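Take a walk through this model, from its overall fold down to single residues. Keep the 3D view open as you read.

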Amino acid sequence: MARSLDGLVFFPVADQAPGQVGRQTRFEYHEQDGRVWAEYCGGDVARGHLVGTRADDTVDFRYVQLRHDGSTASGHCVSLVTELPDGRLRLEETWTWESQEGSGTSVVEQQPGMRESTR
């Protein structure tokens, strides 16, 4: 099992569609006793939260976000935690919106040299 997500900051490796997370979005993860949560913001997202659980290298969570235009959105995501050759962690995500149409995949990676929150 890959190491804990607690205290790690992640960023998307590519932009998604407008109104979603993008390369300017930062996720600050926490993990304790199989429970995972994170706060995120940046790009089109003014504030976002995710909560879920981790079993081995699989994280299963729900997310909700407030966009700068005042709209909200929520969904479900399952992520596989992997380790990159340089030791950073990567989350390979499969997500589905619950508040609107759409689903897809994305990848977020641990920010290089960052171990603590940037906020």
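**From fold to residues**

Eight strands form a closed barrel, in the order E1-E2-E3-E4-E5-E6-E7-E8, and the pairing is antiparallel. From one strand to the next, the twist averages 30°. The model is predicted. Strands of a sheet pair through backbone hydrogen bonds, in a parallel or an antiparallel sense.

Look now at one pair of neighbours. E5 and E6 are antiparallel, and 9 bridges join them. Asp60 has its bridge partner in E6: that partner is Val78.

Next, turn to the nonpolar core. Which residues of the largest nonpolar core touch the most other members? They are Leu5, Phe10, Phe27, Tyr29, Leu50 and Tyr63, in a core of 23 residues. Several strands supply two or more residues each: E2 (26-32), E3 (35-42), E4 (45-55), E5 (58-67), E6 (72-83) and E7 (89-97). E7 gives the largest share, with 4 residues.

Leaving aside residues up to four places away in sequence, Phe27 touches Leu8, Val9, Phe10, Pro12, Val21, Glu39, Tyr40, Leu50 and Val108. Two of these contacts, Phe10 and Leu50, are themselves listed with Phe27 among the core residues that touch the most other members.

Now the cysteines. How many disulfides does the structure hold? The count is 0. A disulfide is a covalent bond that links the sulfur atoms of two cysteines. Cys41 is in no disulfide, and its nearest cysteine sulfur belongs to Cys77, 18 Å away. A disulfide here requires sulfur atoms within 2.5 Å. Are these cysteines buried or exposed? Cys77 counts as buried, because its relative accessibility is 2%. Cys41 is partly exposed, at a relative accessible area of 25%. The cut-off for buried is under 20%.

Finish at a loop. Gly87 sits between E6 and E7, in the loop that joins them. Which residues does Gly87 touch, not counting those up to four places away in sequence? They are Arg3 and Gln110. Gly87 and Ala2 are 85 residues apart in sequence, yet their C-alpha atoms are 9.9 Å apart in space.

Definitions and conventions. Residues are numbered from 1 along each chain as its sequence is written. This is a predicted model: local features need pLDDT of at least 70, side-chain atom pairs count only at pLDDT 80 or more; totals for chains, interfaces and linings use all residues. Side-chain values use heavy atoms; hydrogens and water are left out. A nonpolar core is a set of buried Ala, Val, Leu, Ile, Met, Phe, Trp, Tyr and Cys residues joined through side-chain atoms within 4.5 Å. Buried means under 20% relative accessible area, exposed over 50%, partly exposed in between (1.4 Å probe, protein chains only). Contact means heavy atoms within 4.5 Å. Two strands pair if DSSP finds at least two bridges between them. Axes are lines fitted to C-alpha atoms, for helices over the stretch in contact, and angles run from 0 to 180 degrees between N-to-C directions.
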